[in-house]
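Good morning, and thank you for joining this group meeting.

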Amino acid sequence: MTPELLLAYVLFCFATAGTPGPNNMMLLASGANFGFRRTVLHILGISCGLGFMVLCMGLGLGGVFRAYPLLHEVLRWVGAGYMLWLAWKIGTASAISDKELAKPMTFLQAAAFQWVNPKAWAMALGAVTTYAPEGSGWTLVPLLAGTFMLIGAPCSAAWAGFGQGLRPFLNKPAVLRTFNIVMAALLVASLYPLFVSHEAKPTVSLDALAQVPAPPPMRSRG
């Protein structure tokens with residue numbers, strides 16, 4: 001990988017890992033509800049989960065999903081259902097209390113969540129298809145995965161830290177309830193690309209083909 005390509009990939013990692021999405025909305029809510037320290041395992045789970053996903057995609061799993069697109073489609077919609085359930089859990093949280101709120105996401109839960117996160121799929125596939133040439137699996141792909149982990153972790157930590165900074169303003173149950181409802185709505189809104197990504201394929205009916213005029217007969221010269 002040339003220095004120019006590596007710089008482009010670093011910018012790609014920052015742009016995808018640092019912009020709003022399901023992971024960052026959940027980190028923001030977790031930081032606000034549980035604090036930064038209790039969200040650390042969530043942060044590490046996202047970072048390692050994304051890195052492992054990039055590694056798997058680059059070493060052949062991406063080809064499996066290209067060969068069997070139905071499998072990818074099933075995972076996309078299962079992920080959407082799971083994210084809607086998480087949005088409901090966030091939206092119904094009403095107080096910063098260990099007894100009243102669910103526990104923060106664990107390392108394994110956060111890592112596994114990447115496999116049902118539509119944005120994570122787009123990030124991993126984009127990293128491999130754009131920056132890993134054909135046949136570079138055992139040399140370049142581990143570098144891509146490690147770079148994604150190193151850059152993704154600080155981006156995730158920033159979102160959780162922002163949520164931690166909001167805690168003094170959320171000490172009233174009504175304010176926190178409003179905040180959690182807004183976070184739940186943003187998490188649902190992050191699914192928008194999933195529902196608009198299916199573009200209708202143009203189809204031509206037999207009737208339409210029958211109405212196309214035939215080309216004029218060729219005249220022989222001589």
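Predicted model: local features only at pLDDT ≥ 70, side-chain atom pairs only at ≥ 80, totals over all residues.

I begin with the core. The largest nonpolar core holds 49 residues, and the members that touch the most others are Tyr9 and Phe148. Which helices contribute to this core? At least two residues come from each of H1 (3-18), H2 (22-34), H3 (40-67), H4 (69-91), H5 (107-113), H6 (118-131), H7 (137-166) and H8 (173-189). Helix H7 gives the largest share, namely nine residues.

Let us look at Tyr9 itself. Leaving aside residues up to four places away in sequence, Tyr9 is in contact with Ala127, Tyr131, Leu144, Ala145, Thr147 and Phe148. Phe148, on that list of contacts, is the other residue that I named for touching the most core members.

I turn now to helix H2. This helix is mostly covered, with 13 of its 13 residues buried. After H2 comes Gly35, which has a positive phi, near 95°.

Within H2, I would draw your attention to Ser30. Is this serine buried or exposed? Its relative accessibility is 6%, and because the cut-off for buried is under 20%, Ser30 counts as buried. What does Ser30 touch beyond residues up to four places away in sequence? Its partners are Gly35, Thr39, His42 and Pro104.

Finally, I come to the empty space. In general, such space is found by rolling a probe the size of a water molecule over the atoms. A search of the whole structure finds one cavity of 30 Å³ or more. The volume of the largest cavity is about 80 Å³. Its lining comprises 14 residues, and those nearest the centre are Thr16, Ala17, Asn23, Asn24 and Met123. Six of the lining residues are nonpolar, seven are polar and one is charged.

Which helices supply this lining? H1, H2, H3, H6 and H7 each provide at least two residues. The largest share, three residues, belongs to H2, the helix whose 13 residues are buried.

Key. Residues numbered from 1 in each chain as written. Heavy atoms only, no water. Core = buried A, V, L, I, M, F, W, Y, C linked by side-chain atoms within 4.5 Å. Buried < 20%, exposed > 50% of the residue type's maximum accessible area, 1.4 Å probe, protein only. Helix = DSSP H or I, 4+ residues; strand = E, 2+ residues; numbered from the N terminus. Contact = heavy atoms within 4.5 Å. 1 Å grid on protein atoms, 1.4 Å probe; cavity = no way out; pocket = protein on both sides within 12 Å on 5 of 7 lines; lining within 4 Å. Points joined across faces, edges and corners; volume = space filled by probe spheres on them. Nonpolar A, V, L, I, M, F, W, Y, C, P; charged D, E, K, R; others polar.
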